[in-house]
Amino acid sequence: MNEHAQKAAEFIRDESRTDWHDEALWFVRTKRDKASHGIPEWEELRELASQVKDNVLSNLDQYLEQFESRAVQNGVHVHWAADAEAHNRIVYSILEKHQVQRLVKSKSMLTEECHLNEYLIERGVEVVDTDLGERIIQLKEEPPSHIVMPAIHLKKEEVGELFHEKLHTKKGATDPKYLTEAARQHLRQKFLAAQAAITGVNFAIAETGGVVVCTNEGNADMGVHLAPVQIHCMGIEKILPRAEHLGIFTRLLARSATGQPITIYTSHYHRPRPDGEMHIVIVDNGRTAQLGREDFRNSLKCIRCGACMNTCPIYRRSGGHSYGSTVPGPIGSILTPGIDLKKYSGLPFASTLCGSCSDVCPVKINIHEQLYRWRQVITQEGHLPPAKRQSMKWAGRVLPSTSWYNFFGKLVSWAIRRFPRPFLYNRFNEWGKERELPQPPRQSFKEWHRQREA
Amino acid sequence: MPVKIGLFIPCYIDQFYPQVGIATLELLEKLGCRVEYPAGQTCCGQPMANTGCEQDATTTYQHFVQLFHAFDYVVAPSGSCVYHVRKHYDIIEQTEEVKRVRKNTLDLAEFLLDVLQVKRLEARFPHKVGLHQSCHGLRGLRLGSGSERILEPSSKLNTLLRMVAGIELVELTRADECCGFGGTFAINEPAISVKMGKDRIADHERQGVEVLTAGDMSCLMHLEGIIRRQRKTIQVKHIAEILNGASL
Amino acid sequence: MSRNSILAAIQKNKPAEKPLPAIPSFANGKAAPIDIFTSMVEVGGGQVIRDTNSHNLNTTIKKLFPEAKRIASPLPAVERNVDLDQLPSPGELESVDLAVVRGQIGVAENGAVWVTEENCGHRVLPFITQHLIILLNPSDIVHNMHEAYERIQVDATGFGLFIAGPSKTADIEQSLVIGAQGARSLTVVLEAV
Ligand code: SF4
């Protein structure tokens, strides 16, 4: 059994918690449906967004150069990082130059992917994640389980206990209002003391050299405008050609993510404050390689809204941690194999290929088709478990042959009818653990038809 | 009618659910179609391909094309197999025969509504019925709008069921969530697969459904397996059976 | 150097040129309804006050926030007691109870208001303040984001943003809590025209 299947089975063992998790995410999916139903041109917007991203990918080098030169003109320091290590090194060197000991961060899946926190903490920098969900999991020393709602897997009782231990809230307190207020007071102190702030980037505008960051809490801005040094870390694929394209993407993003018509704060950063310094770090870390994979490059269109997770019936019932990748869920299962195919060869199989993800995706990534394609690549590269590989080879020989097919069909039906239960339902029968096998009829359709013709 | 129709009965229907094949054939004949059933048929090749072994499936694809290319239409009571033929037979050489088969292979519901333009059916089924929207038919063949896309709601299966006298169709809390079958997924990830199935069944039960129907027997095989293990009273029937005038 | 190797890799791996689509405005041409704007601000957790003019602005503010002790605003018409020009450090603004700023454009479809650093005195003001009031001219309300971006030049100032409500979070069990890290409330005051 692959790793996802094992972890999923563990997750499901607590069925009422699984139901709770499933309902919490389905609720978000429902809010998304409601919000997008208010926009008659929704499907047109998705198509436009997809086309804009197609254009971006086909001109990415020019757009990045344009972006860089505009940003430099704006007085921004632009850095380029080929991989996670380079990214971390660049960020640390900026912090070192300013002797930064206290850093605040707002949500960034990229820095998560690069394991920036660990890197900086090892070097003596205090790193505080300031998005409430991120702060919760940081205090709990866990990775996020969702890209938009990092702590969606935790119950308020667990957050209450954690805050009691770490932030000295009242014992047994579980009221989200009370706990959020405690976090607010705690984080305000961190904002005021921070010497630098890091944010992720939702969109970068080639035409103007600015970056756009969307939050609901205002934590990115609290960090950026209080600390003297601001650093924005972005993957190369975040580029949009012009500011007018933000119209499409801001309409799609929050509605898809949480069902809000727009995030509370949509901040556009173009120049540092008069007394501040602004840096942008542009990161590759495997993205150019993915760009070269024709069948999979579309995954780079992703705007990290999380809708594919919320709609995924498997994600909802197995939790983000079951995927073992920075980005979980459907999109994670097509991005991560590009980073390490062998290690993540189980992920493209953690799907029924139901296709809900592709239809919910605001940039129309054909996620389930890419899952199907990754499966083929995994077999070609020899990462399919040998037993499965063999049985498929075998099926490949039986199924095109009418006589073999008829023979085995009969054999199976006969076996199910005749064999005693313990023989059929054993530990090798994954189907039969919680399901009955079909009851074979006396006559197959083929036999019935032959008789009828005769 | 001058057209020649080839009937494809998927392997698991042939072996385990012949009544679905029979209903499909009878229904088409009742509607005046001349239907042939090429006896050499086996499988569409999807089990291998979905496991990542589409290269092992190509001979099966060729076999399918060879058997069916001479027909004007190939009709199958399975959105999933039809989707596979149409979508994934792209890896073999695109001869005229292959192109023809890919274009003319239709799910039963598509054939009834789009080709035959059926407006009325002689069927009565006075029961509370829940429709499971099998994913490959819904999102692959676009047999309906689906709950994700912001379109005028539509569903071919629903349209057909509404032609059946006495039927009471229920509204589900989750209109088109996957049942968890997913081919080899059912065996690779049995825990989630079964949990998804249980949740689907529960949704139908909450609406008081007597009979759960779908366009794909594979979904129903999985759901029925759970229903029988849990000794529930809800029954499953392929949509072809209901449209052909089955009774309980 | 990373830069050149990244750009070279993109050049090698990128797909064939795909054109940019034209973006329709999706607006129906008629004036954007204030009612939709108002209800969308409310959806975002804020409130809208109508028909205020420069004569009764301060009365309105007092009525809304009778408890506010430290009031900051770059607008001379507002009775204020925090000097935004003489800030030893932006952290001083932590104690501001109420900030009043001008908004440039309102967006009916989502209740967002475009505000730039020039409207704020200091960039951090609309976030760090406990409560926020944005003054808006109702004739500056547009239908949707496309129209909004047509009207604004995003890089006219070093920092600008859309604000669509008070700071909020749903990170604990999806229950909505107003007042996460930023302002605890948002009031959009529509001026009488
Ligand atoms: S793949 Fe699509 S739905 Fe999933 S996170 Fe990315 S943009 Fe959102």
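Contact here means heavy atoms within 4.5 Å. On that basis, among contacts in chain A between residues at least 6 apart in sequence, 73% join residues at least 24 apart. Keep in mind that this is a predicted model.

**Chain A overall**

- Chain A has 454 residues, and 67% of them are buried.
- Its secondary structure comes to 22 helices and 10 strands.
- Along the principal axes, the C-alpha trace of chain A spans about 90 × 55 × 45 Å.
- There are three pieces in the domain assignment: domain 1 (3-7 + 295-380), domain 2 (39-285) and domain 3 (399-453) of chain A.

**Where domains 1 and 2 of chain A meet**

- The C-alpha centres of domain 1 and domain 2 of chain A sit 23 Å apart. The contact draws on 25 residues from domain 1 of chain A and 28 residues from domain 2 of chain A.
- Together, domain 1 and domain 2 of chain A bury about 2,300 Å², with carbon and sulfur atoms giving 59% of that area.
- Two salt bridges are counted between domain 1 and domain 2 of chain A. As for side chains to look up, Lys364(A) and Glu47(A) meet in a salt bridge, at 2.7 Å from N to O.
- Nine residue pairs are in polar contact across the interface of domain 1 and domain 2 of chain A, both residues being at pLDDT 80 or more.
- On the side of domain 1 of chain A that touches domain 2 of chain A, α14 (307-311) and α17 (356-360) of chain A each supply at least two residues.
- By class, that side of domain 1 of chain A, the one touching domain 2 of chain A, divides into 13 nonpolar, seven polar and five charged residues.

**A closer look at Asn429(A)**

- Asn429(A) is in the loop between α21 (421-424) and α22 (445-453) of chain A.
- Is Asn429(A) buried or exposed? With a relative accessible area of 12%, Asn429(A) falls under the 20% cut-off, so it counts as buried.
- The side chain of Asn429(A) reaches the backbone oxygen of Leu424(A) at 3.0 Å.
- Setting aside neighbours within four places in sequence, Asn429(A) is in contact with Leu424(A) and Leu437(A).

**The interface between chains A and B**

- Chain B puts 72 residues into the contact and chain A puts in 83 residues. From the chain B side, Ile150(B), Arg174(B) and Arg229(B) supply 11% of the area that chain B buries against chain A, more than any other three residues.
- About 6,600 Å² is buried between chain B and chain A, 56% of it on carbon and sulfur atoms.
- The salt-bridge count between chain B and chain A is 15. If you want a pair to zoom in on, the side chains of Arg316(A) and Glu177(B) meet in a salt bridge at 2.6 Å, N to O.
- Across the interface of chain B and chain A, 43 residue pairs are in polar contact, both residues at pLDDT 80 or more.
- Which helix gives the largest share of the side of chain B that touches chain A? Helix α11 (residues 190-206) of chain B does, with nine residues.
- The residues on the side of chain B that touches chain A split into 33 nonpolar, 22 polar and 17 charged.

**Inside chain B**

- Chain B is assigned domain 1 (4-115) and domain 2 (128-243).
- The C-alpha centres of domain 1 and domain 2 of chain B lie 21 Å apart.
- In chain B, 26 residues of domain 1 are in contact with 21 residues of domain 2.
- The area buried between domain 1 and domain 2 of chain B is about 1,900 Å², and carbon and sulfur atoms give 71% of it. Tyr17(B), Tyr83(B) and Leu113(B) supply 27% of the area that domain 1 of chain B buries against domain 2 of chain B, more than any other three residues.
- One salt bridge is found across the interface of domain 1 and domain 2 of chain B. Lys156(B) forms a salt bridge with Asp114(B), and their closest N and O atoms are 3.2 Å apart.
- Nine residue pairs are in polar contact between domain 1 and domain 2 of chain B, both at pLDDT 80 or more.
- α7(B) gives the most to the side of domain 1 of chain B that touches domain 2 of chain B, with six residues.

Technical notes: Residues are numbered from 1 along each chain as its sequence is written. Chains are lettered from A and ligands numbered from 1 in the order in which they are written. This is a predicted model: local features need pLDDT of at least 70, side-chain atom pairs count only at pLDDT 80 or more; totals for chains, interfaces and linings use all residues. Side-chain values use heavy atoms; hydrogens and water are left out. Buried area is the accessible area (1.4 Å probe) that two parts lose on being put together, summed over both. A salt bridge is a side-chain nitrogen of Lys or Arg within 4 Å of a carboxyl oxygen of Asp or Glu. A polar contact is a pair of N or O atoms within 3.5 Å; within protein, one must be able to donate a hydrogen and the other to accept it, and residues adjacent in sequence count only if both atoms are side-chain atoms. Helices (H or I, at least four residues) and strands (E, at least two) are DSSP runs, numbered from the N terminus. Ala, Val, Leu, Ile, Met, Phe, Trp, Tyr, Cys and Pro count as nonpolar, Asp, Glu, Lys and Arg as charged, and the others, Gly among them, as polar. Domain bounds come from an automatic or database domain assignment. Buried means under 20% relative accessible area, exposed over 50%, partly exposed in between (1.4 Å probe, protein chains only).
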